[in-house]
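Work through the exercises below with the sequence and the structure at hand. Each task is followed by a solution in steps.

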Amino acid sequence: MEGLVPVQRLPVRVDSPSLYRCSNVSVSIRRSLSGFAMDKRIRFTAPSSQFSIRAQQSDLKESLAVSSSSVEDKGNALRIKEWEVEMYQDELAVSQGIRIRRKPRSKAPLGYSGPFELRLHNNDDADSPRNILEEITWYKDVEVSRLKELNPLDALKKAVENAPPTRDFVGALRMAQERTGLPGLIAEVKKASPSRGILKENFDPVEIAQAYEKGGAACLSVLTDQKYFQGGFENLEAIRNAGVKCPLLCKEFVVDPWQIYCARTKGADAVLLIAAVLTDLEITYLLKICKKLGLAALVEVHDEREMGRVLGIEGIELVGINNRSLETFKVDISNTKNLLEGEHGRQIREKDMIVVGESGLFTPHDIAYVQAAGVRAVLVGESIVKQSDPEKGIAGLFGRNISHT
């Protein structure tokens with residue numbers, strides 16, 4: 001199983017029409033119906049009269065018509081089942097409080113009659129994304145489909161076999177906190193964002209990554225989204241090949257296992273999984289893939305319900321709290337404190353999870369605030385990437401030099 005919630009495609013069995021034996025005549029019929037190739041060979045033998053030939057030709061045409069109709073019916077039945085699976089996936093997401101739709105809702109197959117029939121007319125906004133995260137997610141679905149055709153999953157799996165070993169992303173954060181007494185820094189290599197536009201005009205990902213490492217970053221986050229953040233998997237690969245020792249997080253909007261395999265081949269040591277987009281089942285499945293590939297997973301939440309969901313999933317070591325609503329882009333760092341209070345905070349401490357504070361962190365006061373709330377690492381991009389000297393930007397963020405020197 002390599003799809004998130006895969007639909008098993010089974011071949012449709014088509015009964016062969018009656019075989020007619022005929023001397024010196026061979027007819028080959030090749031058709032493609034509903035995505036299924038059909039290749040039937042029918043042989044005829046010369047009957048005793050011209051009337052018999054016409055009669056048998058008529059019977060053959062009727063038999064073929066019935067067979068074709070049967071294939072069309074079965075093909076449409078399969079399309080209906082696949083569409084219903086898609087609708088059930090939407091139902092599951094809604095039941096878990098997921099407001100971000102993964103892609104535009106497709107129209108029901110012709111002649112559909114079933115459990116979703118009554119809701120087909122209440123779908124006025126189906127063709128338009130409702131916020132920026134939904135827009136990005138819809139685009140990712142199309143983009144990944146195209147990339148999978150250019151670089152199939154089987155090819156990526158072979159490439160993974162020759163990829164260098166992953167570095168210990170979680171261990172690097174723990175060591176940084178022990179060394180400095182401050183949250184471990186995941187410094188973000190980012191050229192632009194949908195909310196802020198261009199952050200760094202003269203953008204050299206390798207140069208920035210090297211400056212971050214020199215300034216004391218424990219790990220790096222590399223934006224790989226091209227359309228909305230002007231990043232790319234090539235940046236991740238370039239930083240890894242340049243000899244940067246910091247473990248690398250692939251900052252991507254993951255909607256398909258293909259992206260995780262791709263990240264692994266490009267040098268990632270960790271990937272981002274966004275609870276606002278993925279169901280519990282999908283997160284669980286993707287975590288298994290990460291474990292198989294030796295990757296850490298930073299599972300990002302935005303609100304109480306997402307935090308509750310994530311705490312109920314086994315195998316999560318890193319939880320990111322994003323203080324920016326990915327629906328409105330409004331930032332409030334008190335979100336971190338609110339989500340770490342009470343029962344959630346107790347469970348996190350009990351499981352020895354590392355909480356990563358994200359967004360809205362610009363000053364030593366901000367760092368101190370989220371650290372007091374229970375954060376053990378921070379992911380910071382804008383406040384340091386915009387600096388002419390990122391190394392000094394890191395020192396300014398923490399209020400002192402946190403480099404190894």
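A residue is called buried when its relative accessible area is under 20%, exposed when it is over 50%, and partly exposed in between. Arg102, with a relative accessible area of 22%, is therefore partly exposed. The model is a predicted one.

**Exercise 1. Overall make-up**

State how many helices and strands the protein has, and what share of its residues is buried.

Solution.
- Step 1. The secondary structure consists of 14 helices and 12 strands.
- Step 2. Of the 405 residues in the protein, 49% are buried.
- Step 3. The accessible surface is about 20400 Å², and carbon and sulfur atoms account for 50% of that area.
- Step 4. Take the contacts between residues at least 6 apart in sequence: 69% of these join residues at least 24 apart.

**Exercise 2. The salt bridge of Arg102**

Find the salt-bridge partner of Arg102 and say where the two residues lie.

Solution.
- Step 1. The partner is Glu282, and the closest N and O atoms are 2.8 Å apart.
- Step 2. Arg102 sits in the loop between helix 1 (50–95) and helix 2, while Glu282 belongs to helix 8; the two are 180 residues apart, so the pair links distant parts of the chain.
- Step 3. Glu282 has 6% relative accessibility and so counts as buried, whereas Arg102, at 22%, is partly exposed.

**Exercise 3. Other salt bridges**

How many salt bridges does the structure hold? Describe the pairs Lys148 with Asp256 and Arg376 with Asp352, then name the members of a salt-bridge network.

Solution.
- Step 1. The total is 21 salt bridges.
- Step 2. Lys148 and Asp256 meet through their side chains at 3.2 Å, N to O. Lys148 is in helix 2 and Asp256 in the loop between strand 7 (248–251) and helix 7 (257–265), so the bridge ties together parts that are 108 residues apart in sequence.
- Step 3. Lys148, at 33% relative accessibility, is partly exposed; Asp256, with a relative accessible area of 14%, is buried.
- Step 4. The side chains of Arg376 and Asp352 form a salt bridge at 3.0 Å, N to O. Arg376 lies in the loop between helix 12 (364–373) and strand 12 (377–380), and Asp352 in the loop between helix 11 and strand 11 (354–358), 24 residues apart.
- Step 5. Asp352 has a relative accessible area of 40% and is partly exposed.
- Step 6. A network of salt bridges links Lys140, Glu143, Asp225 and Glu252.

**Exercise 4. An aromatic pair**

Classify the ring pair Tyr139 and Tyr228 as stacked, tilted or edge-to-face.

Solution.
- Step 1. The structure has two aromatic pairs.
- Step 2. In the pair Tyr139 and Tyr228, the ring centres are 6.1 Å apart and the planes stand at 80°; planes over 60 degrees apart count as edge-to-face, so this is the class of the pair.
- Step 3. Tyr139 is in helix 2 (residues 132–150) and Tyr228 in the loop between strand 6 (219–223) and helix 6 (233–241), 89 residues apart.
- Step 4. Tyr139 is partly exposed at 25% relative accessibility, and Tyr228 is buried at 10%.

**Exercise 5. Helix 14**

Which residues of helix 14 are buried, and what do they pack against?

Solution.
- Step 1. In helix 14 (residues 390–398) the buried residues are Pro390, Gly393, Ile394, Leu397 and Phe398.
- Step 2. Their arc around the axis is only 120°, so they lie on the same side of helix 14.
- Step 3. An α-helix has 3.6 residues a turn, so residues three or four places apart point the same way.
- Step 4. The buried residues pack against strand 3 (184–189), helix 5, helix 12, strand 12 and helix 13 (382–385).
- Step 5. At the start of helix 14, a side-chain oxygen of Asp389 comes to within 3.1 Å of the backbone nitrogen of Glu391. Just after the helix, Gly399 has a positive phi of about 85°.

**Exercise 6. Pro205**

Is Pro205 buried or exposed, and which residues does Pro205 touch?

Solution.
- Step 1. Pro205 lies in helix 5 (residues 205–215).
- Step 2. At 12% relative accessibility, Pro205 counts as buried.
- Step 3. Leaving out residues up to four places away in sequence, Pro205 touches Val189, Asn235 and Ile239.

Note on methods:
Residues numbered from 1 in each chain as written. Predicted model: local features only at pLDDT ≥ 70, side-chain atom pairs only at ≥ 80, totals over all residues. Heavy atoms only, no water. Phe/Tyr/Trp six-rings, centres within 6.5 Å; stacked < 30°, edge-to-face > 60°. Helix = DSSP H or I, 4+ residues; strand = E, 2+ residues; numbered from the N terminus. Buried < 20%, exposed > 50% of the residue type's maximum accessible area, 1.4 Å probe, protein only. Salt bridge = Lys/Arg side-chain N within 4 Å of Asp/Glu carboxyl O. Contact = heavy atoms within 4.5 Å. Areas by Shrake-Rupley, 256 points an atom, 1.4 Å probe, with all protein chains shown as cover. Arc of directions from axis to C-beta. Polar contact = N/O pair within 3.5 Å; in protein donor to acceptor, adjacent residues only side chain to side chain.
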